[in-house]
Amino acid sequence: MNNGYQNSRYDQLYRKLTTALKADDAPALIVIVNQINAFAQSSPDNLRMKNLLDMAMLALNHVQGDPLNPTAREDLVKYLINCETWTHYEIMIFYNFIFIFDVETVIVIQKWLIRVISRYDNLRLYGSEPFRTLVKITMFYLEHGKVLEALESLMDLRDFDIQEEFLFERTMYKFVAGETYTITNTNRIKAIDDALNIFQAAGSTHQVNRLVDHMKLVVKANQFHNDNFDALIEKWGGTPSTKTPTTTTVS
């Protein structure tokens, strides 16, 4: 009501930022960085706007494939690590910007996060943000060749009681579980294919493309070769990142 029944300036900018990041839209991110920088300069004591500028610069680096801005990365990581109580705000920063962390830090955060996010499990009626965060962590581990850690994350995911209408969560679990078990030589190709078909049928083409790109990163990170897995990537419009002798690296 105070903002004329509109989102605050911060919320509007944050939504633009995350939308551009998910779409890998570098030109849009350049505009957003400049917009946020103007507001941050006019409000130097506004920590949320400072965080937002850090996020925007890191998002642009990530999408363009450039080295991450070291100052922005350090400030954002320091903020999250030193924040005693994570709210929806901190959880979503971690979810969207997990790529700024190293594996060891994510492992520590995950153990801490499991203890504190249960209170948020039913906060959003349209989905489970804690569940989605753990899915993102599991995918992060697979992209860094940490299959054992991914398997342990699946155990945490199985502890969630996901409501029947949470189709995104159920489909993502089907995908990431199928992928993890396939890498450990238990064939779940059909589960992965089914999940991609569900997203395709729902018109989530960008989500399908991101998952295919993720699969290619997983193949490369784990030096994993499986003819059926390669064929699945090619079916969905991708080219496997690497072809190596049949082997699985489990860290």
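The chain exposes about 13100 Å², of which carbon and sulfur atoms supply 51% (Shrake-Rupley method, 1.4 Å probe). Buried residues (under 20% relative accessible area, 1.4 Å probe, protein chains only) make up 45% of the 251 residues. The model is predicted: local features need pLDDT of at least 70 and side-chain atom pairs count only at pLDDT 80 or more, while totals for chains, interfaces and linings use all residues. Residues are numbered from 1 along each chain as its sequence is written, and side-chain values use heavy atoms, with hydrogens and water left out.

The chain has 12 helices and 0 strands, taken as DSSP runs (helices H or I, at least four residues; strands E, at least two) and numbered from the N terminus. Of the contacts (heavy atoms within 4.5 Å) with a separation of 6 or more, 62% join residues 24 or more positions apart.

Leaving aside residues up to four places away in sequence, Leu52 touches Tyr10, Leu13, Tyr14, Leu17 and Ile36.

The axes (lines fitted to C-alpha atoms over the stretch in contact) of α7, residues 129-143, and α11, residues 205-221, come within 8 Å and cross at roughly 40°. Met139, Leu142 and Glu143 of α7 meet Leu211, His214, Leu217, Val218 and Ala221 of α11.

Conventions
Buried means under 20% relative accessible area, exposed over 50%, partly exposed in between (1.4 Å probe, protein chains only). Axes are lines fitted to C-alpha atoms, for helices over the stretch in contact, and angles run from 0 to 180 degrees between N-to-C directions.
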